[in-house]
Amino acid sequence: MPKLRSLVRKRAAARAFTLVPSCMYKEGTDVCVTCSQSNGGAMLLRENLCKFDNNQTVHSTIGFPLKVSVVVMRCSSALSSSYYISDHITEQTFWIPYDSIFSDHDASNIISKIICLMNVPFSLDHKLKWRGIGYQDFKISNTTLTNKDTLIFKTMKFAQSMKDCSSKEDCWYMNLEISKITYLPHKKFMEIYNMMGQDYNLKTWLWTQGELNTRIAAFELQKKIGIKKMRFEASEIKDTCSICCEEFLEGCIVYCINQCSHVYHEVCILEWLLRRNWSCPYCRSKLV
C-alpha cells in the first residue's frame, strides 16, 4: 500500500507538472542593457584592447578593461527550449583610464564613442530594460531607460563607480551587454530554426564580428589623422555640422580637422571616418 500511494503521488505530480504552462517568456521583443563588475581574469582581456589615445599604454595608465557585447537573437518562448537564432553578435574590449572618466562630460564622450564604434544594429531611443550588477556588494538594480541619452548616463555612472573597486586594478573589469531578444511562439520558432541550418549562428558571428573588426581597424587609423578638440564659438567658424546638418550649440565641444580647420560633432566625424571616407566631408581634402 505505501508503494501504491507513493506511485499515485508521483503520477499526480507528473500531471501537475504537465499542466504548468511552458511559455515562461512573454512573446515580443525586449531590448536589454546589462552592466556588471567582474573580479578576476582582467589580465586576459589586456591583450587585444582598443585604446582612445595613440600615446596611451595600458601599463602606464590606471584604469580598467570594458568588455562590450552586442547581441540580436530570436528565441523560443518555451522554457524547455534552449535553441536560439543569432542574427548579430559582436564583442570588443576597450581600455578605460580613470583620468578619462573623472568628469561627467569626458565620461559621456567615451561611452558615446564606444556605442558608435560597436555599431548597434537597432534603435536605442525607445524603452530599454536596465540591469546593473555590483560585484562588491552584490546589489542588483533594475529600471527602465527612456532613450539613448539615459543609457549613456547610466553606463557613465557605472563606469565611474569602478574607481570604488579594490585597489588591485589588474583584477577588475566591467561588462556592458546590449541585447535585443525576440521571443517567438515555440512552433513558429522551430520552423524558422530548422530552415536556417546548423551553421547559421557561426556564420552570423563570423560576419558581424568581421564587420566590427573592420571598424576598429578604421578607428585605429583615424587616430593618426590630425584632429583637435575645441570649444565652439559662433563668431569664429561655420555654425553647422556638414555631416548631420545640425547647428552647433554655443560652447559645445567640436572636433576640428587640422589640415583644413573644418569642424564637426565628434560622433559625426567618427562615423564618417569609420566608413573609410578618408577626406574632409566639407572640402574633400585628403586626410591620409
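## Exercises on helix packing and the sheet

In this predicted model, helix α2 (residues 104–118) packs with helix α6 (residues 266–274), the axes lying 10 Å apart at an angle of about 30°.

**Exercise 1.** Work out how α2 and α6 are oriented to each other, and state which residues make the contact.

*Solution.* Begin with the angle between α2 and α6, which is about 30°. Angles under 35 degrees count as roughly parallel, and therefore α2 and α6 are roughly parallel to each other. Next comes the handedness, and the crossing of these two helices is right-handed. The contact itself is made on the α2 side by N109, S112, K113, C116 and L117, and on the α6 side by E266, V267, L270, E271 and L274.

**Exercise 2.** Determine the order of the strands in the open sheet, and explain why one side of β2 and of β6 is left without a neighbour.

*Solution.* The sheet has seven strands, which follow the order β2-β4-β3-β7-β1-β5-β6 with mixed pairing. Strands β2 (49–50) and β6 (140–145) stand at the edges and each has a single partner strand, so one side of each lacks a neighbour in the sheet.

**Exercise 3.** Describe how β1 pairs with β7, and find which strands helix α3 lies across.

*Solution.* Strand β1 (residues 28–39) pairs with strand β7 (residues 172–184) in the antiparallel sense, over 12 bridges, and N39 stands opposite W172 in β7. Helix α3 (residues 148–160) lies across β1, β3 (63–76), β5 (128–133), β6 and β7, and runs at about 5° to β5.

Note on methods
Residues numbered from 1 in each chain as written. Predicted model: local features only at pLDDT ≥ 70, side-chain atom pairs only at ≥ 80, totals over all residues. Heavy atoms only, no water. Axes fitted to C-alpha atoms, helices over the stretch in contact; angles between N-to-C directions. Helix = DSSP H or I, 4+ residues; strand = E, 2+ residues; numbered from the N terminus. Parallel < 35°, antiparallel > 145°, perpendicular 65-115°, else oblique. Left-handed = near helix turned anticlockwise from the far one by under 90°. Contact = heavy atoms within 4.5 Å. Pairing = 2+ DSSP bridges.
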